[in-house]
Amino acid sequence: MGLPEKERNMDEIISMFQLEGEVVEVIPFGSGHINDTFRITCNLPGGKGKKYILQKMNDSIFKNPKELMENVMNVTAFLREKIIASKGDPDRETLNVIPTKDGENYLDCGEECWRMYIFIENAFCYDEAKTKEDFYYSAVAFGNFQRMLADYPAETLHETIANFHNTVSRFADFKKAVEEDACGRAKDVEEEIKFILDREDVAHIICDALEEKRIPLRVTHNDTKLNNVMIDEKTGKGLCVIDLDTVMPGSALYDFGDSIRFGASTGAEDEPDLDRVSLDLELFEAYTKGFLEGCAGSMTEEEIRLFPSGAKVITFEQGMRFLTDYLQGDTYYKIHRPGHNLDRARTQLKLVADMEKKWKEMERVVAAYCK
Ligand code: ADP
Ligand code: GN1
Ligand code: MG
């Protein structure tokens, strides 16, 4: 008797970490597509509560949890020092890993790997920006993150997912998925496939600029969507950049662009009604301003000039990734309904088309910030 197996296992897992107090609640949390996230609430003597974030790391995507957690530990330790030096609150402005009772930074149960973080209190994540100011503050936070990691020793970072933002190799993966057509779905998405295949040149824009050293390789976050930054409930400002699984050397253009892709769209990433999906130029401008302020002068002129391309390339890349997953039978991203990845792919391609229409305006916005 007792608890059902799933819950019993969960209790056992939680009991392996150095938590304070008695666990009184465990609930699924957040809207990420990759890890399984739970919020744990504990009661402390005297009636106070303390919360934690527990995550099952996605082991089919992250093949080397040890290296991944080494990155997280090193990056958060580095950020912690900078935050302390600037008189910030290191328990709220960066992630903090809670060790296991064996003193490890994650729990390896053989088949599954789990980790625990301090829960950042009095803060929240948006899935969509309610106002221009919200979005501006998220941009400042991602810009700050870029600035704080500017002198991080990039060569010490493990590559957690090979070729993560290598759009050229993503294009090759997409073509392969179309050719293999594992689930017989290609015939239903011919228009979307053509849209992508007609734009092979887009896949090269950032990769070529990096290879030709026209833009620098930096330590980047690589997953800068709005729900990966915590917003302080009191101030409304960006407080802490989270989801550090993909911090690796990369291009700041992908970081800039991914925020635009997700947050400056007038529709949700999975909006089925494409008439609701377009690029909001005011949000684009608010983000450009905030990100550059956060970066505090560290972007080169060429990087800034290429911001519109950053937005378009990553949106194109994400459209390919969602459609690839749809063609391969939805094995990568969590889906919550049939055709979910297809809806997601379509919003991305609609956004790319809209950016093409608004290209001149996007360039004009950015030109105002080039010295
Ligand atoms: P995924 O890789 O699946 O996106 P995340 O690390 O982004 O996983 O976590 C999912 C969600 O959980 C976040 O969007 C956020 O709402 C919440 N979350 C994650 N870490 C914390 C934390 N330390 N404190 C509070 N909430 C958190
Ligand atoms: C995934 O983990 P999450 O939900 O923040 C994905 C990103 C995609 C994003 C699309 C490791 O991010 O690359 O841009 O979904 N993360 C990984 O919403 O693949
Ligand atoms: Mg996330």
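In the predicted model, the shell around ligand 1 is drawn from two domains: domain 1 (10-121) and domain 2 (132-368) each contribute at least three residues. In total, 20 residues surround ligand 1, and Asn-35, Gln-55, Ile-120, Asn-227 and Asn-228 are the closest of them. By class, this shell comprises 11 nonpolar residues, eight polar residues and one charged residue.

Polar contacts to ligand 1 involve both backbone and side-chain atoms of the protein. From the backbone, a polar atom of Ile-34 lies 3.4 Å from an oxygen atom of ligand 1. From the side chains, a polar atom of Asn-228 is found 3.0 Å from an oxygen atom of ligand 1, and an N or O atom of Asp-243 is likewise placed 3.0 Å from a ligand 1 oxygen. The area exposed by ligand 1 when taken alone is 550 Å², of which the protein buries 95%. Ligand 1 is located in the largest pocket.

Ligand 2 also sits in the largest pocket. Because domain 1 (10-121) and domain 2 (132-368) both give residues to its shell, ligand 2 lies between these domains. The shell around ligand 2 consists of 17 residues, the closest being His-33, Lys-225, Glu-269, Gln-318 and Tyr-332. The residues around ligand 2 divide into six nonpolar, five polar and six charged. Among the structural elements, helix H11 (residues 307-327) makes the greatest contribution to the shell around ligand 2, supplying three residues.

An N or O atom in the side chain of Asp-223 lies 2.9 Å from an oxygen atom of ligand 2. For Asn-228, a polar side-chain atom is 3.1 Å from an oxygen atom of ligand 2, while for Asp-243 the distance between a side-chain N or O atom and an oxygen atom of ligand 2 is 3.0 Å. Taken alone, ligand 2 exposes 450 Å², and 98% of that area is buried by the protein.

The side chain of Asn-228 places a polar atom 3.0 Å from an oxygen atom of ligand 1 and a polar atom 3.1 Å from an oxygen atom of ligand 2. The side chain of Asp-243 has an N or O atom 3.0 Å from an oxygen atom of ligand 1 and an N or O atom 3.0 Å from an oxygen atom of ligand 2.

Technical notes
Residues are numbered from 1 along each chain as its sequence is written. Chains are lettered from A and ligands numbered from 1 in the order in which they are written. This is a predicted model: local features need pLDDT of at least 70, side-chain atom pairs count only at pLDDT 80 or more; totals for chains, interfaces and linings use all residues. Side-chain values use heavy atoms; hydrogens and water are left out. A residue is near a molecule or strand if one of its heavy atoms lies within 4 Å of it. A polar contact is a pair of N or O atoms within 3.5 Å; within protein, one must be able to donate a hydrogen and the other to accept it, and residues adjacent in sequence count only if both atoms are side-chain atoms. Accessible areas come from the Shrake-Rupley method with a 1.4 Å probe; for residues, only the protein chains shown count as cover. On a 1 Å grid over the protein atoms alone, a cavity is a set of points where a 1.4 Å probe fits but cannot get out, and a pocket is an open set with protein on both sides within 12 Å along at least five of seven lines; lining residues have an atom within 4 Å of a point. A molecule sits in a cavity or pocket if more than half of its atoms lie within 2 Å of its grid points. Ala, Val, Leu, Ile, Met, Phe, Trp, Tyr, Cys and Pro count as nonpolar, Asp, Glu, Lys and Arg as charged, and the others, Gly among them, as polar. Domain bounds come from an automatic or database domain assignment. Helices (H or I, at least four residues) and strands (E, at least two) are DSSP runs, numbered from the N terminus.
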